[in-house]
Amino acid sequence: MGYRVAVVGATGNVGREMLNILAERQFPADEVVALASRKSIGSEVSYGDKTLKTKDLDAFDFTGWDIALFAIGSDATKIYAPKAAKAGCIVIDNSSLYRYDPDVPLVVPEVNPEAVELVHKKNIIANPNCSTAQMVVALKPLHDRARIKRVVVSTYQSVSGAGKEGIDELWDQTKSIYNPTDDKPARKFTKQIAFNVIPHIDVFMDSGDTKEEWKMVAETKKILDTKIKVTATCVRVPVFVGHSEAINIEFEEFLDEDEARDILREAPGIMVIDKRQDGGYVTPIECVGDFATFVSRIRQDSTIDNGLNLWCVSDNLRKGAALNAVQIAETLGQRVLKKG
């Protein structure tokens, strides 16, 4: 027998992507249901070659369902995730609500798959922040070899990380630049996003860091190693899909760039595209729709004894959200549920 899977928030960008990936990866599901808020009841969404009509989340009974992939905001998750978990359905949550709960595993399957075995404390598993997910996939195999002391990361995050409103704002503002009578002021973002970059994602904290930057620090420690020091600067850029990161890594021992390149080539979930020539690297446009986390520009940092620089790019709607959630479901099936 296969699994019964609910996709919660099925009409949103991430929810639709979850349905696509469940079908693409041939997840062993006997039944898939698309759930959404009452205003979206009856909306049609694609699941492989099938079309599903969304059902009312508020009236849904999770009893007898194995896995629920949640792609709704934290406020709604706070209401519905405990209901699903109490009914015996394991929740894989894409919001930030449970990421820092010590009783909820925070999982990137290429990095800490064993953490899914702690699921029964609350019947909930958290999906990390999109910018953290791709970074720890790149860091993990290098950390296993040389132990990472410190990471300095600057992110270049696409507008899709801010949802449909972010995508629409970039699209509308870009068009309005060429039409002087059609002014489109910033609404979703704090400043104009078209032809601009904004060093501000999420709210500011007392430290001067933004919440997005804090998330990268806290989540890297929880997923990979509490001893790693992380500092981040997170920037929104006028790209529709695909997050990029410039990562500087300091190790406890020397790691040659050639060895690092070989390690990353063999690591799960990573594709190395690193030629020192025009176009010998990956940009966000090339990563869209792909499962991989791409690594380029691997090189020694000559300013410290044991340092490397690299460039990391991934489709944030996939590895940063929907793909990672489905991979968690696959890992959960292999290690805990064991059916299908």
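**Notes on a predicted model**

1. Leaving out neighbours within four places in sequence, Q157 is in contact with C130, S131, I201, E212, C234, V235, R236, V237 and H243. Keep in mind while reading that this is a predicted model. Q157 sits in strand β9, which covers residues 148-157. Is Q157 buried or exposed? With a relative accessibility of 1%, Q157 counts as buried, because the cut-off for buried is under 20%.

2. Staying with Q157, have a look at its side chain. A polar contact of 2.9 Å links it to the side chain of E212, and E212 is also in the contact list of Q157.

3. Next, helix α1, which runs over residues 13-24.

4. Which residues of α1 are buried? They are V14, G15, E17, M18, L19, I21 and L22. The cover over these buried residues includes the strands β1 (3-8), β2 (29-36), β3 (44-47), β4 (50-53) and β6 (67-70), together with helix α8 (318-337). Just after α1 comes Q26, with a positive phi of about 50°.

5. R318 counts as buried, because its relative accessibility is 5%. Not counting residues up to four places away in sequence, R318 touches E17, I21, E24, G289, D290, F291, L323 and N324. Of these, E17 and I21 are among the buried residues of α1. The side chain of R318 also reaches the backbone oxygen of G289, at 3.2 Å.

6. Also in helix α8 is Q327. At 10% relative accessibility, Q327 counts as buried. Which residues does Q327 contact, leaving aside neighbours within four places in sequence? The answer is R25, P109, E110 and K319. With E110 there is a side-chain to side-chain polar contact of 3.4 Å.

7. Over to strand β13, where D301 is found. D301 is buried, its relative accessible area being 10%. Its side chain makes a polar contact of 2.9 Å with the side chain of N248 and another, of 2.7 Å, with the side chain of T303. Setting aside residues up to four places away in sequence, D301 touches N248, G307, L308 and N309. N248 is 53 residues from D301 along the chain, with 7.9 Å between their C-alpha atoms.

8. Now for some backbone angles to check by eye. Most residues other than glycine have a negative phi. R297 is not a glycine, yet it has a positive phi of about 55°. R297 belongs to strand β13, residues 293-301. R297 is partly exposed, because its relative accessible area is 41%, a value between the cut-offs of 20% and 50%.

9. D202 is another one to look at. Its phi is near 75°, which is positive in a residue other than glycine. Where is D202 placed? D202 lies in the loop between α4 (163-177) and α5 (211-223). At 34% relative accessibility, D202 counts as partly exposed.

10. How does the lining divide by residue type? Nine of the lining residues are nonpolar, one is polar and five are charged.

Note on methods: Residues are numbered from 1 along each chain as its sequence is written. This is a predicted model: local features need pLDDT of at least 70, side-chain atom pairs count only at pLDDT 80 or more; totals for chains, interfaces and linings use all residues. Side-chain values use heavy atoms; hydrogens and water are left out. Ala, Val, Leu, Ile, Met, Phe, Trp, Tyr, Cys and Pro count as nonpolar, Asp, Glu, Lys and Arg as charged, and the others, Gly among them, as polar. Helices (H or I, at least four residues) and strands (E, at least two) are DSSP runs, numbered from the N terminus. The expected span of a helix is 1.5 Å times one less than its number of residues. Buried means under 20% relative accessible area, exposed over 50%, partly exposed in between (1.4 Å probe, protein chains only). Contact means heavy atoms within 4.5 Å. A polar contact is a pair of N or O atoms within 3.5 Å; within protein, one must be able to donate a hydrogen and the other to accept it, and residues adjacent in sequence count only if both atoms are side-chain atoms.
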